[in-house]
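I opened this notebook to keep a record of what I looked up, one topic at a time.

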Amino acid sequence: VPHYERIARLGLFAGPIKELVHQIKYRNRWPLARFVGDRLLLKDSVSDLLRRADRIVAVPLHPLRQISRGYNQSDLIARRVARRARVKLVHPIVRTRNTPTQTYLHSRTKRVENLRDAFGLVQPRTIRGKRVVVIDDVMTTGATLHAAAQALMEGEPESLTAILVAVADPKHQDFQKV
């Protein structure tokens, strides 16, 4: 994914991890976000990114989606990780468009178009010159991370890395480098 130096993940979006994400996102089991955050912190690749981090940023939801769900699952996970890793959580970007869910968009082109200009930078000073870690739940094509990075790069961070709960692997390529 352009702009990111490294990306760490808990696992692939399958089995128990997929069920955990669905419980958190769609079944109001938001307390599981703390459990997921704790599991992330046990991964060496995640701990390595956090040791070098100055700021953590959760991928934001549009306010209407957050109101309907009641919370932002990525923000809940980021809060847990930030608190336990002692890295400051900031909210420099917002979702400016209420885009349709990416779940039903299966091509990278459609996902990228859906997220074009979907994020806006509102607090550039919080990330200027900082090593920023972006936290999100699931990456399928990387379109969300890319769109978030485009907004974040306007704030001139020193670097961007990302932590994901899971990477979808519909073609069973077992993304070893992600």
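The entries below go through helices, a strand and salt bridges.

**Entry 1, the ground rules.** I note that this is a predicted model, in which local features need pLDDT of at least 70 and side-chain atom pairs count only at pLDDT 80 or more, while totals for chains, interfaces and linings use all residues. Residues are numbered from 1 along each chain as its sequence is written, and side-chain values use heavy atoms, with hydrogens and water left out.

I took helices and strands as DSSP runs numbered from the N terminus, a helix being H or I with at least four residues and a strand E with at least two. Since 7 of the 10 residues of α2 are buried, the helix is largely enclosed by the rest of the structure. I listed these buried residues as Leu32, Ala33, Val36, Gly37, Asp38, Leu40 and Leu41. Their cover includes β1, α1 (15-26), α3, α5 and β7, where contact means heavy atoms within 4.5 Å.

At what angle do α2 and α5 pack? I found about 50°, with the axes 8 Å apart; axes are lines fitted to C-alpha atoms, for helices over the stretch in contact, and angles run from 0 to 180 degrees between N-to-C directions. The two helices are therefore oblique to each other, given that angles under 35 degrees count as roughly parallel, over 145 as roughly antiparallel, 65 to 115 as roughly perpendicular and the rest as oblique. On the α2 side the contact residues include Ala33, Val36, Asp38 and Leu41, and on the α5 side they include Leu76, Ile77, Arg80 and Val81.

I counted a salt bridge where a side-chain nitrogen of Lys or Arg is within 4 Å of a carboxyl oxygen of Asp or Glu, and a search of the whole structure gave 11. Asp38 and Arg80 form one of them, at 2.8 Å from N to O. Because Asp38 lies in α2 (residues 32-41) and Arg80 in α5 (residues 73-85), this pair ties together parts that are 42 residues apart in sequence. Both Asp38 and Arg80 are buried. I then turned to Glu19 and Arg27, whose side chains meet at 3.5 Å, N to O; Glu19 is partly exposed at 39% relative accessible area, and Arg27 is partly exposed at 45%.

In α3 (residues 44-51) I found Val46, Asp48, Leu49 and Leu50 buried. What covers them includes β1 (7-12), α2, β2, α5, β6 and β7.

Which way do the side chains of β2 (residues 55-58) point? Arg55 and Val57 point one way and Ile56 and Ala58 the other, and all are buried. I noted beside this that side chains in a regular strand alternate between the two faces of the sheet. Strands count as paired if DSSP finds at least two bridges between them. β2 pairs in the parallel sense with β3 (residues 88-90) over 3 bridges, and also in the parallel sense with β6 (residues 131-139) over 4 bridges. Ile56 stands opposite Leu89 in β3 and opposite Val133 in β6.

How values were computed
Buried < 20%, exposed > 50% of the residue type's maximum accessible area, 1.4 Å probe, protein only.
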